[in-house]
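Please have the structure open as you read.

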Amino acid sequence: MSRITRTLAAATAALATAALLAACAGTAAPEAGGGADSATPVSGGTLTYLEYQAFTNLYPPQAGFYPNGAVVGNVAARLTYQNPESLEIEPWIADSWEVNADATEYTFTLRDGVTFSDGTPVDAAAVAKNFDVYGLGNKELALTISEAINNYASSEVVDASTVKFHFSAPAPGFLQATSTINSGILSPATLDLPLEKFGAGNAAAIIGAGPFVISDEKLGTELTFTARDDYDWAPPSLTHQGRAYLDKIHLIVTPEDSVRIGGLTSGQADYVRYVQAFDEAAVESAGFTLYGPQTRGVNNSLNLRFTNPLLSDLRVRQALVAGVNAQEIVDTLFTSNYPVATSSLSSTALGYKDESEHLAFDPKKSAKLLDAAGWTEGADGIREKDGTRLSLDVYEAKPQPLSKQTLELVSQQLKAIGVELNVKAADAGSYAEDIKDPLKTPLYHSMVGRADLDVIKSQFHTKNRNVLLSNDTKLDALLETVASEPDPAKRLDADAAVQDYLAEQAYVIPLFEEPQVYGAADYVKGVEFESVGRPVFYDVWLNK
Amino acid sequence: MKHVLARIGQAAVVLFVAFAATFVLLQALPGDALMIKFENPELGLSVEQIAALRETYGVDIPLPQQFWHTLSGFLAGDFGYSIQSGTPVTQMLAEAAPQTITLALTAFLLAVLIAVSLAFLSSLTRFAWLRGFLRGLPGVFVSVPVFWLGIVLIQVFSFQLKVVPVIGADPLQGLILPVLTLAVPISAPLAQILVRSIDEVELAPFVSVVRAKGASRRRVLWNNVAKNAILPTVTIAGVLLGELIGGAVVTETVFGRTGIGRLTEQAVSAQDTPVLQAIVVLSALAFVLTNLAVDLLYPVLDPRLRRLSRGNARPAPAATPVLEGAAA
């Protein structure tokens, strides 16, 4: 490794340690694979895994949707491996790498003998093609650009096992991006397929270099993963090498919560995703293990769209922040797997800074601020100003756990300070349209998980998700610094500056740190998750 | 023959109207499937990227052109592609339809069995309280939410008693609980109609005649009353198809089964226009065919109608007693 690589690795490790220290209050880390169990892992067997929703698309940049991620993550290997505990970036398909001083050039040396499941080699040309597609997109095939890759310019095949990437501006987040599921390496032939061919019904045609392949698909209801016997390129830092322990995994889509939980507790399934908070006790009391890996990104929050005239006044936004009691939400609706948020970022996220002083629940402060802003209590207890009621709308966000219940509780809390919050439900079409309008959706409920500093830019930058529907150039500038500052220490400062700014401007009401909650039978060993809580089946084995 | 051709012509018109109305209504909905798909925040696409994608997919084609394109595709048996997943709609239907047809037919047969048993038992029983109870059951059945019933059956028979598995079940095991779930609400209107018809026929003069000749209660019911009570029940069977489709949506979702119902639920939530268009036209086709079959079955079941359709005879006078019964 070059000196730069080592410096970067050291910096990443330092960041990770800080994040871990901060995470003490969170849930216990998931048990480490194989090694942590007293028994010796045995090979063989089929795991029955229940998923909440069917996957929609297996194009890696679209694997942010959890059901997609579980499939892509186990079928496609990546250039690098992010250690889920230390968050350090380690070798996987790439043996080593070099990064130039301003993070505009990355050179990867590839491991020998790695093949896709169709037998073709994972060489420099294949890797170059992958990142050309993920970094630039392919408009003709409708393949989209990955949000994890910023400022991508071009690739260069130096020799069969060396590939170099060029960036138009510093891209310090790229190394971590190569470890994410969104950068899963696929065979060059797969990347010639149009986006539709990554959809349901075609899963077995998606060729990667991961420990499993999709061997069978029942449209919309079932997937079968089969272990690759010749898989021999696990990340070197893992104790387990060679092929996966399991022979097969049956992934069965079970949308009904009670059926998924009952399926687990009655022994018809081994491992389930998406245990709702209200089902956690049932799973534990039946003697099953709960896993609550954190998603380590932007917290589950309400975003205040300040371009809505009612929210343009800082005092009104501050009043809303102080009027929401996140502790009550967690105590009433959720469990200890959902820690109360103390910043816009999760305390287990890289670059987290405690902002709790700005987020304290203080209805008296809310009242004072609203009085000062000229909003006075009307006949029905809702505040008014110049004949306008302080009435705001928010849509139930289907992807967020218990969104409707959460918003209804927030609505009750805000009513106490004289603010009306109407919780609305909508069909998918109206929702997709209305959430882009700050007048129709002044408060927007969302989160995003990714274990890199860039995650905050993904959520708030006007060129990315833009959840605030912002026009704030200062915020954009702060976010761009996070995504393009090559000096790790300065990048960390920039991330803290964004969190300070979001808190000071009262742009966000953080609610809780969102986990992914899984349940498994005790004979399911080696349960592991990648850095944002997607299941990794490589180390799983059955002790029965 | 002319009658049959006219009926087929009618069916074609109904299908076209269903197609056109669905097309217009789906277009009138706010938002569209591409927007729902690509604006999913979990994909993290920017406004510019979404605009480029919309262009790639050619969403800005004028409506009449889209209508013609879709219609000609349908006529050629090509239903297009699902926008949400990119899968050909014909493939989705080909995987789902057999599952739903099996489920619906089996459930319908079971429903008929339940309805007939209820009606006959309630007519034969000597105990007034039992009759009251049996006759009250359809009312209960009709008000049981399919969703709730499915979950209760799963919890009791699969998770508690472990009689049949729900997850990883073989095709036969996988049918048992869904069929039960779906049959109960469908048996209710069937049983109600059957009970009422039996009551009406039993009051008919010819029944008194047969009774006076010394026939047993059971014999009268089987030989005379049942035959006459069956006609209104067949009529309602056509209407029940709607109930079957609606029930399948819920049943298939609760049980996680492949099927048209599950497909519908997913397509509605993603506003997946091509899939919805195909499902509506297919359902309309099923309705048209069922009603055609019911119409053609009438003369077979009722000789009065047979004579009617054969010649230019006027409808039989209302006072004419039911002939089959009197013949016994």
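## Helices, a patch and ring pairs

In this predicted model, α1(B) has 27 residues and reaches 39 Å from its first C-alpha to its last, close to the 39 Å expected at 1.5 Å a residue. Its buried residues include Arg7(B), Leu15(B), Phe19(B) and Phe23(B). The buried residues of α1(B) pack against α4 (63–75) and α12 (273–301) of chain B.

The helix also has a surface side to explore. Val4(B), Leu5(B), Ile8(B) and Leu296(B) make up a nonpolar surface patch, with about 340 Å² of accessible area together. Helix α1 of chain B gives the most to this patch, with 3 residues. Leu5(B), found in that helix, is exposed, at 54% relative accessible area.

Over in chain A, helix α11 (residues 403–415) has 13 residues and spans 18 Å between its first and last C-alpha, close to the 18 Å expected. Among its buried residues are Leu407(A), Val410(A) and Leu414(A).

Now for the rings. The count comes to 38 aromatic pairs over all chains; here are two of them.

| Pair | Centres apart | Angle of planes | Class |
|---|---|---|---|
| Phe334(A) and Phe512(A) | 4.5 Å | 45 degrees | tilted |
| Phe74(B) and Phe79(B) | 4.6 Å | 35 degrees | tilted |

Phe334(A) lies in the loop between α8 and α9 of chain A and Phe512(A) in strand β20, so the pair ties together parts that are 178 residues apart in sequence. Phe334(A) is buried at 7% relative accessible area, and Phe512(A) is buried at 0%. Phe74(B) and Phe79(B) are both buried too.

Finally, one aromatic cluster in chain A includes Tyr59(A), Trp97(A), Phe131(A) and Phe198(A).

Methods: Residues numbered from 1 in each chain as written. Chains lettered and ligands numbered in written order. Predicted model: local features only at pLDDT ≥ 70, side-chain atom pairs only at ≥ 80, totals over all residues. Heavy atoms only, no water. Patch = residues over 30% accessible without salt bridge, like charges linked within 9 Å, V, L, I, M, F, W, Y side chains within 5 Å. Areas by Shrake-Rupley, 256 points an atom, 1.4 Å probe, with all protein chains shown as cover. Salt bridge = Lys/Arg side-chain N within 4 Å of Asp/Glu carboxyl O. Helix = DSSP H or I, 4+ residues; strand = E, 2+ residues; numbered from the N terminus. Buried < 20%, exposed > 50% of the residue type's maximum accessible area, 1.4 Å probe, protein only. Expected span 1.5 Å × (residues − 1). Contact = heavy atoms within 4.5 Å. Phe/Tyr/Trp six-rings, centres within 6.5 Å; stacked < 30°, edge-to-face > 60°.
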